Structures are given as structure tokens and as C-alpha cells.
Amino acid sequence: RPEADAQRVREALAAIRAAKRPVIVAGGGVVRSGAQAEIVALAEKISVPVATSLNAKAAIPDAHPLCVGVPGAYSRDCANRVLAEADLVFFVGSRAGGQVTNNWMFPPPGTKVIQLDIDPEELGRNYPNLVSILADAKLGLQRMIELAPSGPAAGGDWVKRVQQLVADWRNENKPMRESDATPIRPERICKEISEALPDNGVVVSDTGHAGIWTARMINLR
């Protein structure tokens, strides 16, 4: 596994701390690397919200106070809103492709981007990177955790803003999740699946509408 260059890590951490509204986007590479715990540990240490691609949906529990949800084409509206308002996005193990960015609308062009990826061809391919880190996700994040100073990277107002957007989205969808309408609403199906799953449960979802509902409405622990 390639390890991250310490200087690049320091540059990335400095850029994150200089940002007022930073967001982490965890991609499928985080899951392949087994770096779920590291994503959560870094987010908690520097107090930065985390969005995930559908492939990395369980990298941070849905109930975690820093979890934003899945952005892009298969998205929660609050996740796209957070990426639209962010002034820096840190992609980890993600190609930053068309689906997770909704055809590169979120984050908007011009937003500062940092990218950590094991594949050098992906670095800066879809967004021009402020900092590129070539590394395995798990080892790269471990180095970032090691070198990051404790304390929030941005002001507490940004985290509160993100949490309010997530709470507003949940409140808006609560009536549909609890609806007893016939035929049954898909939001209600997703609620029942979420509550029935054990903590180590696995959801297998097809692409298309099944993937969209899974990304938006099923909560994983």
C-alpha cells in the first residue's frame, strides 16, 4: 500500500484549516481500503462534516452528527446543499465522477478541491486539485490523523449549519417515512428496512430507482 507524502499531508491539512466551510467526501476506495474508522476519526478530530458516495454509504453511520448523507444524482437534498455551500471539498478514495457530483454540479466549478487516491490517474482528473495526495486511503488517513492538530478546522457555525440542513431534510421527509398510505410509500419501506436491520446487516441494492431510494432513505448503523 502506498503511503502518503508527509509534506502533501501537511499542505492538505493547512488548506482544510484555512477553509471556512470544508467537507469530506468518502468514496468506494475508503471501503476497499478498510478505512471507515479512519474517516470517522479524522472527521471527529478536525470537526469536518462527511458525505459519502453510495459505494461508501456505511463508512460513517447515518446517525453520526457529522454525517451528511449521499450527494450527487442518487442524493439527499441536504447533501447536495452542503456541497454547494462548501468552500473546500476533500475527496478520499473517490474519482469525483459524474454520479457523486451530479454531473459536476456539486461542488460547483471553482470550489477548492483536495483529493487522496491510490490511482495517480484519478488525481485532478475531474477537478483541478489544490493538493493531490497519492496514497492508500487507510494509510493516508492515518498519516493525516497523526499530523492534524486537534480542534475544529472550521468555525462551529459551519457544523451547526450542516446539522440544521440535515435535520430540516429529515423533518421534511418524516411524514412520508411514517405514512400508512396504500400502496405503501417507498420512504416507509426504507424506514422499515432500516429499523429491521441488525447493526452488521448488509443491504444489496440494484441500480436505478432502488439505488436512489437506498441512498436517500435507508439508514445504516
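**Entry 1: around I39**

I looked up the contacts of I39 (heavy atoms within 4.5 Å). Leaving aside its neighbours within four places in sequence, I39 touches I24, A26, V30, V50, V92 and L141. This is a predicted model, where local features need pLDDT of at least 70, side-chain atom pairs count only at pLDDT 80 or more, and totals for chains, interfaces and linings use all residues. Residues are numbered from 1 along each chain as its sequence is written, and side-chain values use heavy atoms, with hydrogens and water left out.

I39 sits in helix α3 (residues 36-46). Helices (H or I, at least four residues) and strands (E, at least two) are DSSP runs, numbered from the N terminus. Is I39 buried or exposed? I found I39 buried, because its relative accessibility is 0%. My cut-offs: buried is under 20% relative accessible area, exposed is over 50%, and partly exposed is in between (1.4 Å probe, protein chains only).

**Entry 2: helix α4**

I then turned to helix α4 (residues 77-85), whose buried residues are C78, A79, N80, V82 and L83. Their cover includes β1 (22-26), β3 (67-69), β4 (88-92) and α6 (156-177).

Around K191 I looked for salt bridges (a side-chain nitrogen of Lys or Arg within 4 Å of a carboxyl oxygen of Asp or Glu). R188, K191, E192 and E195 are linked in a network of them.

I noted each pair. R188 bridges to E192 at 2.7 Å, N to O. K191 bridges to E192, with the closest N and O atoms 3.9 Å apart, and to E195, with the closest N and O atoms 3.2 Å apart. R188 and E192 are four residues apart in helix α7 (residues 186-196), about one turn; E195 and K191 are also four apart in α7. An α-helix has 3.6 residues a turn, so residues three or four places apart point the same way.

K191 is buried at 16%, R188 is partly exposed at 24%, E192 is partly exposed at 33%, and E195 is exposed at 53%.

**Entry 3: the whole chain**

Last, I stepped back. The protein chain has eight helices and six strands, and a search of the whole structure finds 15 salt bridges. Buried residues make up 49% of the 221 residues.
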